[in-house]
Amino acid sequence: VSTNAGERQTVVHNIAELRDNKATLDAQLAEANGARVKLDQMLKNIGNRRNLLTAAGREAMALIKQLENKVTQTQEVLNKERNVEDLSVAEARIERELAKKTKQREKMVLELADIFQELTAAMHAYAACALRAKELGEQTAHMRREFERHAEMSNNLRTTLEKIEKMCTVDKEKARAKKLTAETEAPMNDELKEKFTTWPMNVEELEEAIRIVMEHADAILCPNQMVLEDYKRRKTEIDSLEVTLRTETAKLGSAQGDIGGIKDRWLPKLRSLVERINEQFKNNFAQIGCAGEVKLNEDAGEAFEHWKLEIWVKFRAATDMHILDSHRQSGGERSVSTMLYLISLQELTRAPFRVVDEINQGMDPINERKIFKRMTNAASQESTPQTFLLTPKLLNNLVYTEDCTVLCIFNGPWIEEMATRWREMQAALQPIGGPETPPGR
């Protein structure tokens with residue numbers, strides 16, 4: 001372990017030096033790149049000047065050619081006119097212009113030569129910078145490879161160190177367990193302390209001494225062979241159970257971690273949903289002058305199958321809030337609580353329609369009237385499913401919304417007589433000459 005630590009310290013020192021060298025090379029490379037950019041700009045400017053001078057030279061050559069053509073034409077005209085005086089004047093003027101253009105051309109040629117000289121120097125400097133940049137790039141790549149190699153060595157040493165530390169931890173645990181077993185079976189006393197001073201101080205010699213003692217122990221004859229075999233069998237079973245216990249404990253810890261992660265994902269959503277239901281439930285109970293809450297009971301801990309929703313209600317101001325059950329509340333109060341709970345769920349669930357069967361049975365008239373009003377208002381809201389309330393009776397003077405429809409279903413042996421009277425009433429209400437009601441049941 002000490003050798004590995006020394007090697008690791010050396011590798012860490014080498015990595016630090018490589019990092020410093022890499023930073024220096026990166027700075028030099030950045031400086032070379034900056035010089036190359038300046039030279040590129042200078043080369044570009046020189047190129048632009050060369051292009052301008054070249055274009056000016058072309059224009060001068062074209063002008064000279066044009067003047068030569070004019071001279072030729074003028075000479076031809078003068079030859080025709082035979083006017084010696086005018087020809088001399090024209091020749092003098094043309095010679096002056098030719099001399100002027102020639103001087104301009106010489107000046108441009110000299111400037112072009114200077115520009116080519118500057119261009120050559122700039123190209124030499126650019127080539128030198130490019131070579132230096134390439135050299136720095138190669139050095140950087142080499143340093144990067146060295147850095148990666150030393151980093152890999154460091155990672156390998158770190159992995160080896162971790163393995164050794166784990167082995168050391170495991171050995172310490174084993175030693176601690178064996179020490180506890182030894183202290184249990186043979187508590188330390190002065191005699192054992194004195195024997196400890198005579199025993200070897202390294203692992204190899206101790207293992208050899210243990211082997212010798214085990215051989216002496218195995219050489220001891222047991223008077224009952226069955227007892228010895230039973231002891232060995234139980235010892236093997238105990239060792240196997242200890243291994244199984246450690247394995248299952250590790251699996252239990254892993255499973256508990258997985259359960260905790262999954263629980264952290266869905267429990268906040270569940271609590272938020274229950275809180276929304278609770279707000280709706282409290283508002284509905286407040287509308288009828290009572291108090292109610294919906295709570296999530298998490299007392300079962302990790303036994304999620306025993307979690308439950310609890311409905312707490314209070315119908316009288318003089319009492320405290322209690323859990324809804326069949327012992328404390330009456331049948332009508334339970335029906336009121338159930339209906340208000342279903343209304344609270346209406347905004348959180350989606351269904352094409354809902355059917356409520358005889359929910360008002362057992363309610364007193366006051367609660368029945370309140371529940372009917374809350375139910376009709378909730379069912380008449382926008383984007384709510386159709387609701388059917390099946391009941392054999394309703395109170396008088398209930399408040400209906402425009403979305404409510406009352407359907408009365410007739411049944412019994414007298415239905416034929418009622419149907420006949422209904423058709424007669426319809427026929428009497430028909431206007432004269434209007435369509436007759438078709439016969440039938």
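Phe281 and Phe285 are four residues apart in helix H5 (residues 225-287), so about one helical turn separates them. The model is a predicted one.

**Aromatic rings**

- Eight aromatic pairs turn up when the whole structure is searched.
- In the pair formed by Phe281 and Phe285, the ring centres are 4.8 Å apart and the planes stand at 50°, so the pair is tilted. The tilted class takes the angles left between stacked, under 30 degrees, and edge-to-face, over 60.
- Phe281 has 0% relative accessibility and therefore counts as buried.
- Phe285 likewise counts as buried, because its relative accessibility is 0%.
- One aromatic cluster is made up of Phe281, Phe285, Phe315 and Tyr341.

**Largest cavity**

- How many cavities of 30 Å³ or more are there? The count comes to one.
- The volume of the largest cavity is about 50 Å³.
- Its lining consists of Ile359, Asn360, Met363, Glu368, Ile371, Phe372, Met375, Leu389 and Leu394.
- Which helix gives the most to the lining of the largest cavity? Helix H7 (residues 365-379) does, with four residues.
- Sorted by class, the lining of the largest cavity holds seven nonpolar residues, one polar and one charged. Asn360 and Glu368 are among the lining residues; by the classes used, Glu counts as charged, and Asn falls with the others as polar.

**Asn297**

- Asn297 lies in strand S1, which covers residues 291-297.
- Is Asn297 buried or exposed? Its relative accessibility is 12%, so Asn297 counts as buried; the cut-off for buried is under 20%.
- The side chains of Asn297 and Glu310 are joined by a polar contact of 2.5 Å.
- What does the side chain of Asn297 reach at 2.9 Å? It reaches the backbone nitrogen of Asp299.
- Leaving aside residues up to four places away in sequence, Asn297 touches Trp307, Lys308 and Glu310.

Conventions
Residues are numbered from 1 along each chain as its sequence is written. This is a predicted model: local features need pLDDT of at least 70, side-chain atom pairs count only at pLDDT 80 or more; totals for chains, interfaces and linings use all residues. Side-chain values use heavy atoms; hydrogens and water are left out. Helices (H or I, at least four residues) and strands (E, at least two) are DSSP runs, numbered from the N terminus. Buried means under 20% relative accessible area, exposed over 50%, partly exposed in between (1.4 Å probe, protein chains only). A polar contact is a pair of N or O atoms within 3.5 Å; within protein, one must be able to donate a hydrogen and the other to accept it, and residues adjacent in sequence count only if both atoms are side-chain atoms. Contact means heavy atoms within 4.5 Å. On a 1 Å grid over the protein atoms alone, a cavity is a set of points where a 1.4 Å probe fits but cannot get out, and a pocket is an open set with protein on both sides within 12 Å along at least five of seven lines; lining residues have an atom within 4 Å of a point. Grid points are joined across faces, edges and corners, and a volume is the space filled by probe spheres set on the points. Rings of Phe, Tyr and Trp (its six-membered ring) pair if their centres lie within 6.5 Å; planes under 30 degrees apart count as stacked, over 60 as edge-to-face and the rest as tilted.
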